[in-house]
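Try each one on the structure before you read its solution.

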Amino acid sequence: MSRWDDVTSHVEHRVTFSETDGLGFVHHRCAAVWFEMARESYFRRFGMSAVELYKRGWYLAIRQLNNRYDSFVSYDDHLSIRCALTKLGRVAVDFHYRVDNLTTGKLAIRGHTNMVAVEAATPGALPSLGRIRFDREPFQKLLVKVDAFYDAPAGAWQPPRWEPEGPQL
């Protein structure tokens, strides 16, 4: 059992042939799917399933997705995909992910999603920015520091932010 088991979700996955490209390595599209698997596991584990959010009309939309590939992943590799909550605001939430290749023993992929709450729109209308409507208090104790999650020195890896810097014209 790792020190992260109390505050993260964890899923294991064996890489299928359909997840590889012509060179025999995992296609880049797979990381987003694996992150979603770990994120849904996270919500189920800590009492707020994605299905329950959806049924209540509470939506978290991905605003930003970042991946960093640290080592190759191949067909039939055994993976550990871990998800951690790193920021919890009134409107937005950040998750970080690490994909460890259990076959090679290497950290394979680091990832980040920034998700925003959107309100259910009427049919045909665009959704609007909302607020996180579930009780955030129980999740506060689950917040982790990004660099600690990746076992990196402070400030070693921060995802880029898409918000423009400087004055808005």
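**Exercise 1: the largest pocket**

By class, 9 nonpolar, no polar and 3 charged residues line the largest pocket. Here Ala, Val, Leu, Ile, Met, Phe, Trp, Tyr, Cys and Pro count as nonpolar, Asp, Glu, Lys and Arg as charged, and the others, Gly among them, as polar. This is a predicted model: local features need pLDDT of at least 70, side-chain atom pairs count only at pLDDT 80 or more, and totals for chains, interfaces and linings use all residues. Residues are numbered from 1 along each chain as its sequence is written, and side-chain values use heavy atoms, with hydrogens and water left out.

Task: find which residues line the largest pocket.

Solution. 
- Start with the term: on a 1 Å grid over the protein atoms alone, a pocket is an open set of points with protein on both sides within 12 Å along at least five of seven lines, a cavity is a set where a 1.4 Å probe fits but cannot get out, and lining residues have an atom within 4 Å of a point.

**Exercise 2: the largest cavity**

Task: say how the lining of the largest cavity divides by class.

Solution. 
- Its lining includes Gly 57, Glu 119, Arg 131 and Arg 133.
- The division is 8 nonpolar, 1 polar and 3 charged residues.
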